[in-house]
Amino acid sequence: MNKKEKPEAENRPDNTAFTQQRLPAWQPMLSAGIVIPLFLIIGLIFIGIGVALFVTSRDLQVLEMDYTGMEQNSPCFSCSDPDQKNCKCTLDFNLDKLFEGPVFFYYALTNYFQNQRSYGVSKDDYQLSGDLDNFKDPDSTCSPYRYDSNNNPIVPCGSLANSMFNDTFKLYQLVAGTKKEVPLDGKGIAWWTDYNIKYRNPSVTPLKNAFNGTVKPLFWPRPAYELDPTDPANNGFINQDFLVWMRRAALPNFRKLYRRITEGDYSTGLPEGNYSLEISYNYPVLNFDGRKKVVFTNVSWMGGKNEFLGIAYLVIGSLCIVMSVVMLIVYAKFKFPEED
Amino acid sequence: EKERRVKANDREYNAKFSYADNRIKTSKYNIFTFLPINLFEQLQRVANTYFIVLLILQLIPQISSLSWFTTIVPLVLVLAITAIKDATDDFFRHKSDKQVNNRQSQVLISGLQNEKWMHVQVGDIIKLENNQFVAADILLLCSSEPYGLCYIETSELDEVICEPPNNKLDKFTGTLFWRNHKYPLDNEKMLLRGCVLRNTEWCFGMVIFALQTKLMQNCGKTTFKRTSIDKLMNTLVLWIFGFLVCMGVILAIGNTVWESLVGKDFQVFLPFDDSHTNAVFSGFLTFWSYIIILNTVVPISLYVVEVLRLGHSYFINWDRKMYFAAMDTPAEARTTTLNEELGQVEFIFSDKTGTLTQNIMVFSKCSINGQAYDIYDEFQQKVEITEKTACVDFSFNPLRDTKFRFYDGRLVEAVKQEDPSVQEFFRLLALCHTVMPEEKYENLVYQAQSPDEGALVTAARNFGYVFRARTPENITVFEMGQPVTYQLLAILDFNNVRKRMSVIRNSLGQIKLYCKGADTIIFERLDVCGLELMDITSEHLNDFAGEGLRTLALAYKDIEEEYFEVWMKKYIFVSTVIENREDQLAALYEEIEQDLKLLGVTAIEDKLQDGVPETIARLNLADIKIWMLTGDKLTAINIGYSCNMLQDDMSEVFIISENTLLEVQQKLSTKEHIVGLSRVSSATDVKSDIQLYPDSVFEEAIIAEYALVITGDSLAHALDPGLRLVLLDVACLCKTVICCRVTPLQKAQVVELVKTHKKAVTLAIGDGANDVSMIKAHIGVGISGQEGMQAVLSSDYSFAQFRYLQRLLLVHGRWSYFRMCNFLRYFFYKNFSFTLVHFWYGFFCGFSAQTVYDQWFITLFNIVYTSLPVLAMGLFDQDVNDRNSLRYPSLYKPGQMNLLFNKRQFFLCTLQGLGTSFLLFFIPYGAFCVLLKEDGSNFSDQQAFAVTIATSLVIVVSVQIGYDMHYWTAINHLFIWGSIAVYFAILFAMQSNGIFGVFTSYFPFVTSRNALSELNVWLVILLTTVVCVVPGLVVSFLRVDLFPTETDKQVRHLQLRKRQEPQEQSLRRVRRTSSRRSAYAFSHQQGYGELITSGRN
C-alpha cells in the first residue's frame, strides 16, 4: 500500500500529560513494609501521650460536692423547697491536704438541656451586641421571653438569658473557729472573644439609660445593668457570669466556671483545714430532676482532670501495637508468593 | 396536508402552500429562552424537587432546624452547573445546525447558483455532483450515467427498514404532469436526504420535501441508555431514603418520649410555645426537623457523577492512542453517560465487513493448471507477507493499477511466456464479471458491485489482460497491450442456488463459455478427463482456504457453433416466457454448463483491519465473549479463523444452517447435549474456582471449547420464543458465536436476547447502516471514517479502527468503572459519616434537632470542603496504568462480575460511615464531658464541641480519601491539601470578629480561635482521626493478605516486577496449518447480468 498523503492532522488530540492521563504521580502502596512499622510508631506515640496524660490527670485534685438538697440530712434540704425565697445554706467540708493552686471553683448542673435547640436559639444576637433597635423589638426567636405581660420588651430576651444561674457562693476557711473569707476572683472567667466581640453593651452612659422602656428577664432578681453592684464595669451584657452562662454547654451535664482562687494567702492553693461554703440558694432544678454541684479543681498543662483522654490514648496505642503484631503474623504466613 | 402540489422552479407558486423550508433546528434554546426553559426543565427533576421541598420545610419556623442558606447554596450550585452543561451542549447543537444549514448546493434559478441548504425550497431544481450529500428528498430528473442509472449510497437510509412500521421510506406515490401526460412516480425515482451520490458525475432533481424529509420523519427519539450503576443507584437512593425516614421516626419517638418525661418538667426554663403543647405533636414536628438535618444522607450531590462521566468522555476524546492519523479521526465519546459500563462488558457483537475487515478484497494467490502461485521460503515454508516482502514489478504494463501487490514472480513470467492456460485464466477473469469500467482523469477505474469481482478484474488487468470497455454486446480487452474485442453472447447470471456465473463469448467465430463459481459446484461439472488436475487443484484450494482466503474455481468450455445456435434459440424463447421463467432459465443454464475444463482457482484475501486478531485475543483473555453478526455468508467462518475467533484446537465448531424449525430444534438440542456433557465432566475440577468467585457464572468452568456458527435462516427459527433460551444456553457455552446472513433486525434481536436474559452488559460494534439497530440496543460503537455516517451517528462511541476497542474497554472502560465505584463508595461513606453525627447527638440534646455543626459548615461541607478531592479521585485515579491494563486483560474481570460496587459494597461503606460517625461523636463526647482549659475556664460548650467534631471530620475524610486514592497527581495533592487549607481559612474567616460585626445573626460562631488554640482539642482530633481511619486500614491490609482478589494479586505482582520490564506477551496470530475447506466465497448479487445486457433491447 502506498501511503496516502497525510491529511492535515487538525483533529489530533494534544499530546500533553494531562490529556493522555500520564501526569506524573505518586503511587503510594500500603505494603507490609510501611503499614506494620506505621502501626508500631502510632502505637508507641499514643502510649507515650497516653501515659503523660494519664499521669498528669491522676495528680490533679478534684473536689465535687452536691448541694441540691435532695436528702433530708443535706444542709440545703430546707432550701430545696421551691417556696423558700432568699434561702441560704452552708456546706462544710474538710481538706486533708493542700489543694494546690491555682484552684478553680465551678458550679455544675446535671440533666440540664442547655443544648436543646429551641432553648439555644432563644436569644437575640443583635440585642446582645448592643443594638438598641433590638432593645425595643427583640427578635421573635426570644419568644416566649420576648415581651412581658405588659408588652414591654425584655432585655436580654429569650430563654437562655432568662434562665441564668443565680446561686451565689461565699467560701470561708475556718481558722481557729473564725471564718476567714477566701477571696474569689471573678475577672476574666469568660472567653476573651465573648467579652470583647460577641457581647457589647450599647454605648450609652450611664448604661441604665439604654434599658429605658425595657424590663428585666422574668427570673432575674436585678436588671442587667445591676448584675454586679461591686464593679460598675462588670454589668450589662459583658458581665462575666452572664457571659459564662450564655456559652451553651454541649451536653446535658456540664460545669461552668464560677470563680478563681488566686489571691492573697490562697494563691498557692487551699491549705488543709476546714472550710465552709455559704450558698444563697435560688436556682430551682429539682422539678426536672437536675442536680447542682460545686467543684473545686486545679489544672495542668493539659487542662483539667480528664481521665478519658489518657485512657483512650493508652488503649488505642496498645491496640495499634497488637494489630501490628497480628498483621506481621498474617503477613508472614499468608504473604503472596514472590515468584510466579 | 392531503396532497402536495409542486411546480418545478416556480417559487412563487410553491410559496402559496407555505411548505416548510430546509433549515434544520436541533437546538433547544436561544439566548432569551435559555434561562426560563432550562430552569423549568431542571426543576422537574426529582432531585431538584427534593431540594425545593426541603426548602419549603425550612421556611416553616416550627420545623426549621437549619437556616435557609444551607439548602439554597447547594441548589443554586447544582442548577448553575447543570445549566452551564446544557448551555454548552446547546451551543454545539447550534454549531452543527449552522454547519448543515450552510452546506452549499447548486440550485437552478436563472442559471446554476450556489445556495445554502437552508435556503433550498420545495420545487427547486438542484444539481448534485458525485460524493455530495443529498440536501432534501428530491425527484431524480436526469443523470450523467447511461440508462439513467444513478448509484447512490444509501447508508443513511437502509437503517429504517428495521424501524417501526410507520416509516414509509420505501413508499412514495406521486404523479408527474409533463406536456399533458401523466407519469406515475414511485420510490425508485426519489433521492432521499441523507444519501450520498456515488459514482455518478452529476444529476438533477427537484425538491419535493424540504425539512419534512423521509429521513427526518424517521428520526425517532433515541432511547436514553442508563448504566447498571445508575439503576443500582436508584434503588440505593430509595433505600437511603427509607433509612432517613426510619431515623426520623426513631428521633421523633425519642422526642415525644423526652418531651413527656423530661421536657415537660424543664418548662421552668424552656416553656412549651403555643404550637407544641403536646408531646406527640412536638415529635411530629421533630420528624420533619430531622428530615431537614439528615437530608444529606440522600446523596443528591451525586450529580457530580455526571461531571465525572463527562471528564471520562473527554479523556476518551483526547486519547492519542485511539486517534487514527491516516484519516485524522480521533475517538469520540458521543454519549457521556455510559462510560463506566465500558468496564463491565461481557459480550461484544461485532459486524464483519468494515469492522473486522477493511472490505478490501485482494487477489492474493492462485493455482493455474495445477501450479500454485504462492511464495515459500527456502525451507518450503509459507512466508508471512509483511510490508517488506518484495513484490512483483508490473512496470511492463502501462495500464496497471499501481496499488496492486503480488508476490510470486513466476506468474508474471508465465504470462510473458504466453502459457496458454495462464492466458485463458486471466482472459476469463477479464471477461466473466459484471464490472463497469470508467475512465477517470486518464485513469481506469472499475465500478464493481462486489469487491471480490473488482479484485479479480484488477488482477487480470495487472497481469496484462485489461478490461477496458463494455457495451451490452461487446467487451474490449487489451491483451498484453493489444486491443481485442469479444462479442458477449450471453451472461448466465449469478444467483444463490447456482452459486456461479458464466459468460459466453465469441471471438472470430470461436465460442467459449467461461464459468467461475464455488469450487464444489464447478467440480461437479467438470469434464471427466480433468480429474487428476482436479485433485491437485483441490489440494491447493484446501491450502488457500486454510489460510482464511476466499476461493473461487474457474473453468471454461469450448462450444460448437451449431450447438450454441440451438441453445441460443431456446434461451431467447425462454427469456420471453412469463410463467416459470426462472426455473426454465436455470435448467437451460445447467444444460450448457457441463463438461467444463478446469482452469484453476483464485484466492482472495478479505483484508482484516490492523490488529484485529491481537485485539480479539486480548479481549478473550479478559473473558469478553465476542459474537460476530454478519450479513455475509458462511465465508465469515474464514474470517473467524483469520481473526482468532475460531481456533483449530477447538473441540468442535457447530454449524447450524437448517431451514425448518424442527431441524433447528433437533440440532440445537444435540449440541446442547454435547456441551452439557463437557460441563458435567469438567465441573468437578473447577469447584474450588467457583467457590472463590461465587458471582461468576457456572459456564466459565468449561474446559472444552466449542464454537457455534448459525445462519440467518436458522436463527430466525432459533429466535422463536420456545427455542431462544436453548439457543442462548448453547451460544453462551460456546467460546465463539458467528451468525451469518443475518438481517439488521436479527442483529438487534440477538443483542436484545443476550442483554435481557443474561443481564449482561453488551456492546455492539459496526460501521454500516445495517448495524444501527444493534448499536442502538445497548452500548454502541461506530467505526467512523469509512463510509456512511449512520452507524456513527447512532453510536455511543466512535473511532476509526476496530483495534481501538481494546483500549476503550480495557483501559478507559476499566478506569471509568474503577473510578466511578471508588467515587461512589467514598461518597456514601463521607455523607454517612458527616450526617449521622446528628443522629447520635439527638440522644443528648433532647431530640431537639439541634445540629452538631455550625450551619455554614453544613452548607459548605459537601460543596467546598470535600468536593474537589473526591472529584480528583474520580477523574484521575488509576490503580494500574494503561500499559499494564492492556498487558493483563484479566484485570478487567472484576468489572464484569460487578465486584467493585454492588449492594454488599454499599452496605460496607455505609457501615464504615456509620461507624465513623459514631466515633466522631463519642470520642469528643467522652472528652468534652469534663474538658477544661489550661486557664481553667470551662470548655464543654456547644460551639467548641462543633468545631472539634467538624475539624476531626474534615481531617478524617481527607485521610480516608488519601488512603483510598492510588494515584496522587499534582492536582490531587492540590485538591486535598487545598481543601484542608480552605477549611481552616473559611473557618477562621467565618468565625472572625469582623464578619460577626457585619452579619451578626448569620455568623454567631466566634469559637474557632478559642477551640483550636487548645491542646486538648488537638489531642481529641488526633485521637478521633486515628481511631476512625485505622480499622479500615487493618481490615483492608488483612483482606489483601488473607483473601486476595485477582486484582490484588496482579497489582502486587506488578509492584514486584516494576523494575524489570516484562516481555511483551505474544498475541500474534498463529498461522493455521490444517486444512479446512472454505464453503463458498462469492459476494455477488443477482440481477446485474440482466441489467448489463438489457441495454440491447
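Trainee: Why does Glu605(B) count as partly exposed?
Mentor: Bear in mind throughout that this is a predicted model. The relative accessibility of Glu605(B) is 30%; buried means under 20% and exposed over 50%, so Glu605(B), at 30%, is partly exposed.

Trainee: Where does Glu605(B) lie in chain B, and which residues does Glu605(B) touch?
Mentor: Glu605(B) belongs to strand β23, which covers residues 597-608 of chain B. Leaving aside residues up to four places away in sequence, Glu605(B) touches Ile360(B), Met361(B), Val362(B), Ser364(B) and Leu549(B), where a contact requires heavy atoms within 4.5 Å. As for Asp452(B), 153 residues separate it from Glu605(B) in sequence, while their C-alpha atoms are 9.1 Å apart in space.

Trainee: Turning to chain A, what is its secondary structure, and why is chain A called more spread out than a compact globule?
Mentor: Chain A has 9 helices and 11 strands. For its 340 residues the globule rule gives 20 Å, whereas the radius of gyration of chain A is 31 Å, well over that value, so chain A is more spread out than a compact globule. Along the principal axes, the C-alpha atoms of chain A fill a box of roughly 110 × 55 × 40 Å.

Trainee: How many of the residues of chain A count as buried?
Mentor: Of the 340 residues in chain A, 49% count as buried. Among contacts in chain A with a separation of 6 or more, 78% come from residues 24 or more positions apart.

Trainee: How do you know that chain B and chain A are in contact?
Mentor: With the cut-off of heavy atoms within 4.5 Å, 109 residues of chain B are in contact with 95 residues of chain A. The area buried between the two chains is about 9000 Å², and carbon and sulfur atoms give 64% of it. On the chain B side, Phe269(B), Arg320(B) and Phe1037(B) lose the most area to chain A, together 9% of what that side buries.

Methods:
Residues numbered from 1 in each chain as written. Chains lettered and ligands numbered in written order. Predicted model: local features only at pLDDT ≥ 70, side-chain atom pairs only at ≥ 80, totals over all residues. Heavy atoms only, no water. Helix = DSSP H or I, 4+ residues; strand = E, 2+ residues; numbered from the N terminus. Rg over C-alpha atoms; globule rule 2.2 N^0.38 Å. Buried < 20%, exposed > 50% of the residue type's maximum accessible area, 1.4 Å probe, protein only. Buried area = accessible area lost by both parts, 1.4 Å probe.
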